[in-house]
Amino acid sequence: MNILFYIAAGVAIFSTIMAISGRNAIHSLLYLILSLLAVSVVFYLLNAPFIAALEVIIYAGAIMVLFIFVTMMLNIGIERETEKKWLNPGMWILPSILAAILLVNFILAIHTNIPITINKADIAPKQVGISLFSTYLLAVEIAAILLMAGVIGAYHLGSQKKKVKHRFLEKI
Amino acid sequence: MLTVPLETQLIFAGILFLIGLIGLLVRRNMIFMLMSIEIMFNSAGMVFIMASTHWKQPDGQVMFIFILSVTAVEVAIALALILQVYHHYKTLDADAVNKLKDTN
């Protein structure tokens, strides 16, 4: 069991270093997604399957897709040759190997972990939900207000406003 | 059952946090700086999960959910700001945005 943790941790550290030290933002983001998947495997091994699923869905699924969207929006028109570069195997062979290692790791974890996941002593998602909506109810509401403010702020900042300037001020 | 000692797990989280911190200090591209902040958030949340597993309490996982929502808001706002900066300055270099600095 322990070797699975060490393999996942090694994949996470290596892909994080690759993500930070890369030149191309898209390649770095793919390494970062791989790092988040490795961290998710670590969470699964730590008997937190609910959090592992949240990590994949929200971090690797939603937040990273937002990153990739913005990066592709900003790089548009600058790099026309990128598609040619992406098709050579040097770019994706290493992340693929790492992802395959992670997949084997995860399958092994599932096969060896079955008696543990039904253990009564572990933290079930139900317990997390009960704690979330009873003890931490106020924090949930504050988080809701924060999300609302985030939505409005992102909408306000993202909208491209027309310049409103008097014609006498244009020359200055 | 996972029998990795808590110290080793914390060292793993610390290494990830350190990589994020180094990336934030070294890189000047705003996208990379934001990615480093993400890595640091993630490793901080990982410590919560490790503590939650170690003491068998669900509170750590609840805290991770809050960290997740804060991260989502932060990323949305920061990416909108990056879009605006790129729109004004035509670059993503963080050192180019220094209009608030006293240059005299």
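Predicted model: local features only at pLDDT ≥ 70, side-chain atom pairs only at ≥ 80, totals over all residues.
K56(B) sits in the loop between α2 and α3 of chain B. Its phi is near 55 degrees, a positive value in a residue other than glycine. K56(B) is exposed, because 12 other C-beta atoms lie within 10 Å and the exposed class takes in counts of 12 or fewer.

N47(A) has a value of about 60 degrees and is not a glycine. N47(A) lies in the loop between α2 and α3 of chain A. Here the burial class is another one. N47(A) counts as buried, because it has 22 C-beta neighbours inside 10 Å and the threshold for burial is 20 or more. Most residues other than glycine have a negative phi.

The secondary structure of both chains is helical. Chain A has seven helices and zero strands. Its elements run α-α-α-α-α-α-α from the N terminus on. Chain B has three helices and zero strands, in the order α-α-α from the N terminus.

Burial and contact range were computed for each chain. In chain A, 27% of the 172 residues count as buried. In chain B, 35% of the 104 residues do. In chain B, residues 24 or more positions apart account for 44% of the contacts with a separation of 6 or more.

The overall dimensions were computed for chain B. Its radius of gyration is 18 Å, whereas a compact globule of 104 residues would have a value near 13 Å. Along the principal axes, the C-alpha atoms of chain B fill a box of roughly 60 × 25 × 25 Å.

Within chain B, α2(B) packs against α3(B). Two packed helices are described by the angle between their axes and the distance between the axes. The axes of α2(B) and α3(B) come within 9 Å and cross at roughly 175 degrees. Angles over 145 degrees count as roughly antiparallel, and α2(B) and α3(B) are therefore roughly antiparallel to each other. On the α2(B) side, the contact residues include M30(B), I31(B), L34(B), F41(B), F48(B) and I49(B). On the α3(B) side, M63(B), F64(B), I67(B), I82(B) and V85(B) are among them. The residues of this contact divide into 14 nonpolar, five polar and two charged. E38(B) of α2(B) and D59(B) of α3(B) also take part.

S36(B) is found in helix α2 of chain B as well. S36(B) is buried, with 23 other C-beta atoms within 10 Å. Residues up to four places away in sequence aside, S36(B) touches G20(B), G23(B), L24(B) and R27(B) in chain B. S36(B) also touches I20(A) of chain A. The C-alpha atoms of S36(B) and L21(B) are separated by 6.7 Å, although these residues are 15 apart along the chain.

In total, 48 residues of chain A are in contact with 46 residues of chain B. On the chain A side, α1, α2, α3, α6 (125–134) and α7 (137–158) each supply at least two residues. The largest share of this side, ten residues, comes from α3(A). The residues on the chain A side divide into 37 nonpolar, eleven polar and no charged.

The largest nonpolar core has 61 residues. Those that touch the most other members are A8(A), A38(A), V41(A), V42(A), F43(A), L45(A) and I49(B). In chain A, α1 (2–21), α2 (25–45), α3 (49–74) and α5 (93–117) each supply at least two residues of this core. In chain B, α1 (6–26), α2 (30–55) and α3 (59–89) likewise each supply at least two. The largest share, 16 residues, comes from α2(A).

Methods: Residues numbered from 1 in each chain as written. Chains lettered and ligands numbered in written order. Core = buried A, V, L, I, M, F, W, Y, C linked by C-beta atoms within 7 Å. Helix = DSSP H or I, 4+ residues; strand = E, 2+ residues; numbered from the N terminus. Rg over C-alpha atoms; globule rule 2.2 N^0.38 Å. Contact = placed C-beta atoms within 7 Å. Axes fitted to C-alpha atoms, helices over the stretch in contact; angles between N-to-C directions. Parallel < 35°, antiparallel > 145°, perpendicular 65-115°, else oblique. Nonpolar A, V, L, I, M, F, W, Y, C, P; charged D, E, K, R; others polar.
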